[in-house]
Structure formats: C-alpha cells, structure tokens
Amino acid sequence: MYKRMKLGNLILTLLLICNSVQAQNSNNLKIWDNKPAKDWMTQAYPIGNGKLGAMIFGGTDQEHIQFNESSLWTGDEQETGAYQAFGEIFIDFDQKEAGKTTLYKRTLNLNDAIHQISYQYNGQEFTREYFSSHPDQVMIFNYASKSKNAYSVTIRLKDAHASKTKNATDGLIIEGVLPNGLKYASTLRLKQNGGTLKIDKDSEGNSQIHLTKANGFTLFLSASTDYINQRARQWKGEDPSQVVNRNLKTALAKSYAVLKNSHIKDYQSLFNRFALQIGNNTPKDDVPTVQQIINYKKNTDNQLETTLFQYGRYLLISSSRKGGLPANLQGIWNNSNNPPWRSDYHSNINIQMNYWLAEPTNLAESNVPYLDYINSMREVKKENTQKEYPGVRGWTVRTENNIFGGESFSWNTPGSAWYAQALWDHYSFNQDKGYLKSFAYPILKELSEFWDDHLKRRSDGVIVAPDGWSPEHGPKEDGVSYDQQIVYDLFTNYIEAADSLKIDTDYRNHIASLRDKLLKPKIGKWGQLQEWEDDKDDPNDKHRHASHLFALHPGRQISINKTPELAEAAKVSLTARGDESTGWSMAWKMNFWARLHDGNHAYQILKNFITLVGGDGIDYNDGGGIYENLLCAHPPFQIDGNFGYTAGVTEMLVQSQEGLIDLLPALPDAWKSYGEVRGLKARGNITVDLKWKDGVITDYKLTSPLVRQIQLKVNGTLKTVTVKKS
Ligand code: FUC
C-alpha cells in the first residue's frame with residue numbers, strides 16, 4: 001500500500017517527486033577517536049559475533065585485545081557464579097616511540113562491523129582491521145603496511161584464569177577447566193606476510209611468538225567451551241579444542257578477502273534492514289566521538305542521536321545471534337572474573353530491556369537466543385520453584401540467573417511471566433503459528449499454571465499475588481502492582497495465544513476469569529499510580545525502578561487511548577520519579593514517555609542520556625549516561641541502557657501494541673523538520689517505511705506477507721488501510 005497525503009487542501013507537490021521512502025543508512029555510522037584507548041570500559045571498542053567478543057585498545061607501542069566467549073561461566077545449577085573474562089592478546093611493537101606516530105585514527109564502523117586503525121610511523125603507513133565473523137566463528141585481526149618489512153612484533157596470548165600458554169608451530173594455545181568442570185580452549189593462529197617467525201617462552205613459561213620484519217600479518221582467534229544449553233546432557237557439549245581446531249582449519253583455508261566479504265555480507269543482511277535518518281545533519285568526520293558527546297550539550301546533534309540508535313542494533317547483532325546465549329548485563333564484553341552483578345541475567349528489568357529493540361528494529365533472529373534461554377532453563381527452574389513454592393505447577397525465577405539454571409538474590413516471582421512477554425511478542429511480530437504452537441504456547445501455559453496455583457483468592461473476591469516485592473524497594477506484601485500488572489500481561493498473552501491457536505478453550509476461559517478478578521491498577525491520593533495496594537507512595541521517591549508503570553510499558557494494560565485516567569496517573573508517578581537516573585532507568589523512562597505520546601519529554605530524557613560519564617573514580621550513585629565508546633554507563637558499564645535507548649527511539653516513531661499501527665506517536669519538536677524510517681517492524685508482521693516533513697507524515701508504506709486490512713493512525717487520523725504484499 002502506498003499513500004499520498006493531503007495537508008489541508010494542499011496536495012503536496014513534493015509527493016509527486018519522491019514516491020517512495022528510501023532512508024539509507026549513511027556510510028557514516030561510526031565511532032572514532034584520534035588516540036588509542038587507555039581504559040577498557042570507557043574507551044576500547046567492542047566487536048562480536050554473538051559468541052566471540054573483543055575489546056580493542058589499538059595502541060601503537062603495544063596492542064591490547066581483551067576477549068570473551070559467551071559461555072565461559074563459573075557456577076552451576078546451585079551456585080550462580082559469574083560470567084568470566086577469557087583472555088588477552090598483547091602485541092608488542094619493536095617501534096616504541098609513540099611520539100613519532102602521526103595521523104592516528106581508530107574507527108568502529110557500524111555499517112560493516114569492522115574496526116579500522118590507521119597511522120603513520122617514521123613516514124610508513126600502517127593499517128589494521130578487526131572483525132568477529134559469525135559465518136566463520138573466528139575473530140580476525142589484520143595488520144598491513146605499504147612498506148616492506150615494517151612489522152617486528154612479539155605476540156602473547158594470556159589466559160584470564162591460571163593456564164599457561166602452549167604453542168603449536170605457528171600458534172598459541174590456552175586450555176583449561178574451571179572449578180565447575182567447564183572446559184575451555186582458545187587458539188591464536190598467525191598467517192604471516194613475509195618475515196621470520198620464532199616461538200619461545202616468556203619468563204613465566206608462557207609461549208610467545210616473535211615475528212621479525214614482516215610486511216604484515218593476520219591473526220585468527222578462536223575460543224570455545226564445552227557448554228551446551230541442554231540440561232538433559234548435563235550442559236556438556238563438544239570438546240572445546242575440537243571446535244576451535246575445526247573453526248580455525250576452515251577459516252585458515254580461506255583468503256582474507258573472502259573472510260571479510262562473508263562477514264560483511266552476513267552482518268549487513270541484518271543491519272541494513274532498518275534505516276533511520278533524522279534531519280539532514282552532515283556527519284562530523286573531523287570531530288572525534290568524545291568531542292561530539294561534549295558538544296551535544298550545547299548543540300543537539302541528530303547524527304549522534306541516530307548513531308547511538310544504530311549502535312544498539314550493532315551491539316545486539318554482535319552479542320546475540322541465533323544458536324547462542326542471550327546478551328547478558330554487558331552483552332558479551334567482560335574483562336573481570338568478578339564483574340559487577342556477575343555480568344549475569346537479571347530478571348527484574350535488565351534481560352527484558354536487552355530485547356525490547358529486537359523485533360521492532362527488524363532483528364527477530366537476534367531475539368531467538370533469549371527465547372531459547374528461557375526454554376533451556378525450564379527444568380532446573382521447576383525444581384528450584386518447587387522448593388520455594390511446594391505444590392505449584394510451572395516455575396519462576398530469582399533475580400540473578402546464570403546459564404545452568406542457578407540463581408540467587410531475592411525471588412522475583414513475576415520474572416518468568418515477564419519473560420513470557422518476549423515469547424508472545426515473537427509471535428505477535430512474526431505471526432509464525434508453528435513457533436507459537438510448538439515452542440511458545442507450552443511455556444505460556446505452564447507459567448499461567450504457576451500463577452493459577454500461586455495467586456491468592458481473597459474472601460472479597462479479589463485475586464492478589466502474595467508476598468511480592470516491587471523491585472528493589474518497599475515492603476514485601478500482597479497485591480504489589482508490579483506483580484499484578486505482569487500477571488495480567490501474562491494472562492492476556494496466554495489468552496491471545498490460545499485464541500490464535502483455537503485450542504484449550506476451557507483453560508483459556510478459566511485464566512480469563514482469573515484475570516477479571518485480579519486486583520487492578522489504582523489511583524492514589526496525589527493522583528499517582530499506586531505502587532502498592534495501599535495508598536502509601538512517597539512523592540519524593542526517586543528510585544530507579546518504576547516497576548508499577550509496567551502496565552504502560554512494556555505492558556499494554558494502560559494507555560492514553562483506552563485508559564486515559566490511569567495513563568494520567570502513570571504520568572504523575574513518572575514525573576515524581578524525575579528524569580535523571582541510572583542508564584537503564586533513563587532508557588525505560590524514554591519508553592514510558594513515548595507511550596504517553598509525549599515526544600518532547602521522551603526527547604528530554606534522550607538528551608540526558610547523551611551525557612558523558614567519566615571512567616575514573618566511578619561513584620555507583622552517580623547518574624548514568626554514556627562513555628566515550630558510547631557504551632551505556634549505569635554506571636559502571638551495563639548494556640541494557642544502550643538497548644533500551646534504541647527501543648525508546650523506536651517507540652517514539654511507531655507503536656503497534658494496541659491492535660493498530662500508530663505512526664509518529666511521540667515525535668519531538670526537535671525532530672519535526674525532516675526524517676525517514678525504513679524497515680521498522682510492527683506487530684502483525686508488517687514492515688513500516690515512512691517519511692515526514694515539518695511534523696507531517698508525507699509518505700508511508702506498509703508491507704506484509706499477508707495482505708489484509710488494518711487500522712492505521714496517521715497524522716492524527718485513524719483509518720482502515722490495506723497492507724501491500726511484501
Ligand atoms: C537491578 C538494578 C540495578 C542494576 C542491577 C544489575 O538490580 O536495580 O540498578 O541494574 O539490576
């Protein structure tokens with residue numbers, strides 16, 4: 001379907017000229033600096049293929065590459081443990097006078113997921129390229145020069161645990177076993193372009209490579225563990241050394257150009273599905289990213305806003321790929337064996353926020369690791385839940401979770417019901433009945449059964465969740481809004497799933513009758529949406545969690561269209577909580593304000609989010625923002641805010657949670673002049689392209705594999721339109 005819009009009586013001549021929405025990702029989606037990184041968290045640049053990740057410092061005296069593999073975890077089904085650092089590569093360059101290095105530039109290019117470095121030393125030109133290939137399951141670091149014999153280097157590989165580095169003829173190897181029995185292995189292989197190779201041991205007995213007078217060289221890094229996401233196999237998969245050797249053998253047989261091309265092709269098949277342009281800002285190639293963030297405080301900058309938006313998509317593609325584990329609190333990037341909050345899967349906002357962007361920004365495949373994770377946890381979680389809540393069917397979770405089902409910290413009773421929203425949304429966005437029937441529905445049903453058994457039927461006929469806790473403050477008591485709203489959401493999703501499949505009518509009706517009797521959202525004495533059943537909210541409470549607003553977002557129980565009084569109360573509560581907070585909390589607030597159709601307030605928070613946070617002397621009570629490398633500062637680094645920011649911008653552009661598609665529901669004044677979106681996904685498997693000018697939608701196109709009529713809100717008017725076949 002393609003439409004030309006009327007503006008009053010005026011038919012815009014413009015529309016006759018541009019009859020399709022063509023937002024292209026500019027080639028300038030990049031983060032860059034003119035000096036190497038000194039600090040891992042705030043300055044190094046991340047690359048990743050979902051499983052293998054690295055943070056690159058890019059030094060010219062010494063290169064430092066810290067790397068990870070997503071399944072290297074301590075802990076087990078009982079202990080939570082923590083996500084671990086894997087290892088580091090150091091490359092010492094013989095040329096050791098940084099002062100003589102000129103024209104240094106390091107760039108993380110979001111358009112092709114390649115990190116490039118270039119500089120000159122003694123009149124010689126040096127270039128490097130780094131990428132983490134999903135199709136080849138190796139990371140590749142290429143060092144080139146136009147000059148002959150330009151590189152004399154020592155290359156070391158270091159285990160983040162205690163293993164010594166061994167060597168093969170042209171490679172370095174680490175192999176080890178964690179205390180929980182998890183085996184891990186990594187090999188670094190070298191392809192040299194000229195020069196001579198020597199391997200010896202350093203003073204600690206670790207093998208190291210000396211490469212002298214090479215024209216260039218390429219490093220291939222593979223890493224793996226024996227983890228598999230199957231409890232039936234005691235979480236034990238293939239031997240990691242076998243995996244590493246096989247991946248390296250295949251990759252080493254290919255040319256650099258072939259490897260690079262297949263990486264780019266694979267990455268762009270996902271990344272290029274969505275394009276966003278706001279205004280016509282020209283990219284600032286001459287201003288390093290850190291300076292762009294500083295300048296932003298004086299003059300907002302649409303290019304930086306859209307780069308940060310696309311960075312969320314870059315990070316999701318780089319940390320969450322089909323077949324792998326979901327992105328944890330730091331995606332896959334972690335340089336500590338005792339990271340903040342274990343770099344785990346937190347179930348009371350964080351893992352959920354990581355995935356809000358996946359479907360609407362057209363990355364459904366990257367949602368799958370989260371869904372698989374939920375599925376893989378079921379059996380252990382059922383056992384753990386039985387111990388806490390004897391006799392119930394189904395299961396739920398505590399707040400901190402690992403990859404073996406182990407968990408700790410407070411029970412987060414509605415946590416699994418919140419997971420269920422992602423299971424339903426994957427269907428809602430993609431309309432795959434096979435997936436719904438065989439994968440999602442059984443889980444939605446067993447989680448509904450958990451609540452069927454766990455809910456308290458009070459003598460007054462009202463049904464409440466017992467002994468809940470609004471994260472992470474306040475009393476433990478019955479009828480906490482966070483619990484009530486998430487159970488309502490689960491039941492709604494379950495009912496719609498049963499209806500879509502036309503199955504289980506009796507149980508569906510039973511759940512519907514429970515949902516009717518659930519304690520519903522209440523408005524308190526200062527007009528606020530109550531966080532607890534009793535009217536005791538403190539108007540000065542600035543807590544980062546605003547869990548009682550779940551019904552507004554990501555839930556769909558409260559909206560300005562259907563429940564205007566409750567939406568107004570949510571607004572009162574949100575206003576009282578304030579705008580500034582931790583990284584993820586600000587990102588959530590962008591989403592809330594977008595759902596309240598207040599684009600200007602969402603934008604105010606977006607602007608606060610684009611605040612430079614320093615890396616040194618971190619005070620955990622500091623407000624959040626972003627670091628020089630655009631990673632979100634909780635602080636410290638926590639990736640949920642990056643993902644939540646992208647989701648928030650998406651909610652400002654298109655919403656589809658209420659059975660209709662609403663175009664530009666929360667466009668801020670600052671974005672009114674001009675913009676284009678291509679490839680945004682709405683529920684119902686509908687792809688939305690649109691263009692606006694002076695706050696008016698001038699073009700739009702809705703396509704779907706299934707031609708049908710839908711409700712569309714465009715320029716304030718609700719109409720019935722037919723989607724075009726894609
Ligand atoms: C929740 C939050 C914290 C932090 C942690 C990982 O507990 O309250 O702010 O994000 O998760």
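Two strands are taken as paired if DSSP finds at least two bridges between them. In this predicted model, strand β6 (residues 52-56) and β7 meet that criterion with five bridges and run antiparallel to each other. Within this pair, Gly53 stands opposite Asn68 of β7. The two strands form a hairpin in which five residues separate β6 from β7, and Gly58, in the turn, has a positive phi of about 75°. Strand β7 also pairs with strand β8 (residues 87-93), again in the antiparallel sense, over six bridges. Here Phe67 is the residue that stands opposite Gly87 in β8. Strand β7 (residues 62-69) is largely enclosed by the rest of the structure, because seven of its eight residues are buried.

The chain is divided into two domains, with domain 1 spanning 40-272 and domain 2 spanning 407-578. A distance of 44 Å lies between the C-alpha centres of domain 1 and domain 2.

An open sheet of four strands is found with the order β30-β31-β35-β36 and mixed pairing. Its edge strands, β30 (654-655) and β36 (717-722), each pair on one side only. At one end of this order, β30 pairs with strand β31 (residues 661-663) in the antiparallel sense over two bridges. Gln655 has Asp662 of β31 as its bridge partner. At the other end, strand β35 (residues 709-714) runs antiparallel to β36 and is joined to β36 by six bridges. In this pair, Ile710 has Val721 of β36 as its bridge partner. Strands β35 and β36 form a hairpin with two residues between them, and Asn715 in the turn has a positive phi of about 50°.

The ligand is surrounded by Leu329, Trp341, His346, Asn348, Asn350, Glu472, Arg544, His545, Trp584, His634 and Gln638. By class, this shell consists of three nonpolar, six polar and two charged residues. For His634, a polar side-chain atom lies 2.6 Å from a ligand oxygen atom. For Arg544, the corresponding distance from a polar side-chain atom to an oxygen atom of the ligand is 2.7 Å. In the side chain of Trp584, an N or O atom is 2.8 Å from an oxygen atom of the ligand. The ligand taken alone exposes 290 Å², of which the protein buries 99%.

Two cis peptide bonds are described here together with their places in the chain. The bond from Pro471 to Glu472 is cis, with omega near -20°. Glu472, one of the residues surrounding the ligand, is found in the loop between β26 (468-469) and β27 (476-477). The bond from Pro635 to Pro636 is also cis, with omega near 0°. Pro636 is found in the loop between β29 (632-633) and α15 (640-653). Most residues other than glycine have a negative phi, and most peptide bonds are trans.

Positive phi values also occur in loops. Gln234, a residue other than glycine, has phi near 50°. Gln234 is found in the loop between β19 (216-225) and α2 (240-252), and is exposed, with a relative accessible area of 60%. Arg342 is not a glycine either, yet has a positive phi of about 65°. The loop that holds Arg342 runs between α5 (302-319) and β21 (345-346). Arg342 counts as partly exposed, at 28% relative accessibility.

Arg393 is placed in the loop between α7 (364-388) and β22, and counts as partly exposed at 35% relative accessibility. Arg393 and Trp451 are 58 residues apart in sequence, while their C-alpha atoms are 8.5 Å apart in space. Asn402 is placed in the loop between β22 (397-401) and β23 (407-412). Asn402 has a relative accessible area of 0% and is therefore buried, the cut-off being under 20%. The side chain of Asn402 reaches the backbone oxygen of Asp76 at 2.9 Å.

How values were computed
Residues are numbered from 1 along each chain as its sequence is written. This is a predicted model: local features need pLDDT of at least 70, side-chain atom pairs count only at pLDDT 80 or more; totals for chains, interfaces and linings use all residues. Side-chain values use heavy atoms; hydrogens and water are left out. Domain bounds come from an automatic or database domain assignment. A residue is near a molecule or strand if one of its heavy atoms lies within 4 Å of it. A polar contact is a pair of N or O atoms within 3.5 Å; within protein, one must be able to donate a hydrogen and the other to accept it, and residues adjacent in sequence count only if both atoms are side-chain atoms. Accessible areas come from the Shrake-Rupley method with a 1.4 Å probe; for residues, only the protein chains shown count as cover. Ala, Val, Leu, Ile, Met, Phe, Trp, Tyr, Cys and Pro count as nonpolar, Asp, Glu, Lys and Arg as charged, and the others, Gly among them, as polar. Buried means under 20% relative accessible area, exposed over 50%, partly exposed in between (1.4 Å probe, protein chains only).
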